[in-house]
Amino acid sequence: MDILQAVILGIVQGLTEFLPISSSGHLVLFAALLNVNEPGMFLEIMLHFGTLIAVFAAFWPEVSLLIKSALTMLRNPARIGQLVKEDAGCRLVLVIILATLPIAVVGLAAEDLIARFFGNPAFTGAMLCVTGTILFISSRVRRGGKQLEEISFGDGLAVGLAQALAVLPGISRSGTTIAAGLLRGIRRESAAKFSFLLSIPAVLGSQLLAVKELVADPGISASLPTAVVGALSAAVTGYLAIRLLLSFVRRGKLTAFAYYTWFVGLIVLLFA
């Protein structure tokens with residue numbers, strides 16, 4: 001794979017990871033168009049690392065609050081109950097941990113089954129249509145009033161269950177989690193922020209599991225420059241995608257993405 005291909009895949013990863021249109025399906029599609037059989041595990045890890053950089057850059061105040069709150073709880077384990085009641089940051093850390101559990105359980109328990117779905121284009125097309133339906137319904141939901149710091153454990157679990165569905169190809173992680181947040185009465189921008197913050201442990205966890213398989217790979221050093229360029233490309237486009245999606249969410253315009261995923265899903269079903 002050359003630098004230009006890595007840049008293009010980075011752009012695709014950055015845009016589709018955060019826009020509610022399913023990143024997994026688009027990466028496979030563009031890899032095929034670029035005549036790349038597989039992006040490679042190392043490049044995939046670096047592309048996801050680039051999207052993490054985008055989240056940190058876009059939401060650094062919230063990320064730094066979560067880090068400080070987590071450190072406070074680690075230093076005061078005997079006071080965690082009190083801290084959760086009194087400190088919104090500490091409560092949000094635990095809500096995110098709770099919301100991450102469903103995807104961790106599903107990912108580990110059904111890894112082989114999920115892998116089979118990725119080889120089924122018709123299933124991916126059907127799930128893209130499901131994503132479009134979820135987005136269309138969520139855009140009709142009445143505005144909620146809960147701010148980010150008011151998200152409850154019940155809200156977090158509901159969003160986490162929605163995130164677990166996104167292990168299926170064609171189901172958008174950002175789309176389903178934002179939709180679940182809106183259905184739980186969370187304000188539009190807060191639902192989007194929570195979705196993006198929730199991506200941090202989900203992406204980190206999956207990448208840490210993959211890193212174990214790369215330790216003994218002698219070809220990493222040779223592909224490092226290409227992977228770094230791809231990661232930077234994913235970071236820049238990911239940041240722009242976050243800003244774009246926040247603008248659409250604030251205006252309640254998720255239907256635009258619903259039409260897009262319906263269109264792509266139907267095309268895939270026709271040609272599968």
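Keep in mind that the model is predicted.

Start with the overall picture. The chain has 13 helices and 0 strands. Now the contacts. Take those between residues at least 6 apart in sequence: 80% of them join residues at least 24 apart.

Next, one helix pair. Two packed helices are described by the angle between their axes and the distance between the axes. Our pair is α8, residues 121-138, and α13, residues 255-271. Their packing angle is about 160 degrees, and the axes lie 7 Å apart. Angles over 145 degrees count as roughly antiparallel, so α8 is roughly antiparallel to α13. The crossing of α8 past α13 is left-handed.

Who makes the contact? On the α8 side, the residues include P121, A122, G125, L128, C129 and F136. On the α13 side, look for F257, Y259, W262, G265 and L269, among others. What classes of residue make up this contact of α8 with α13? It has 15 nonpolar and 7 polar residues, and no charged ones.

Last, the cysteines. A disulfide is a covalent bond between the sulfur atoms of two cysteines. How many disulfides does a search of the whole structure find? The search gives 0. Are C90 and C129 buried or exposed? C90 is buried, at 0% relative accessible area. C129 has 15% relative accessibility and also counts as buried.

Definitions and conventions
Residues numbered from 1 in each chain as written. Predicted model: local features only at pLDDT ≥ 70, side-chain atom pairs only at ≥ 80, totals over all residues. Heavy atoms only, no water. Axes fitted to C-alpha atoms, helices over the stretch in contact; angles between N-to-C directions. Helix = DSSP H or I, 4+ residues; strand = E, 2+ residues; numbered from the N terminus. Parallel < 35°, antiparallel > 145°, perpendicular 65-115°, else oblique. Left-handed = near helix turned anticlockwise from the far one by under 90°. Contact = heavy atoms within 4.5 Å. Nonpolar A, V, L, I, M, F, W, Y, C, P; charged D, E, K, R; others polar. Disulfide = S-S within 2.5 Å. Buried < 20%, exposed > 50% of the residue type's maximum accessible area, 1.4 Å probe, protein only.
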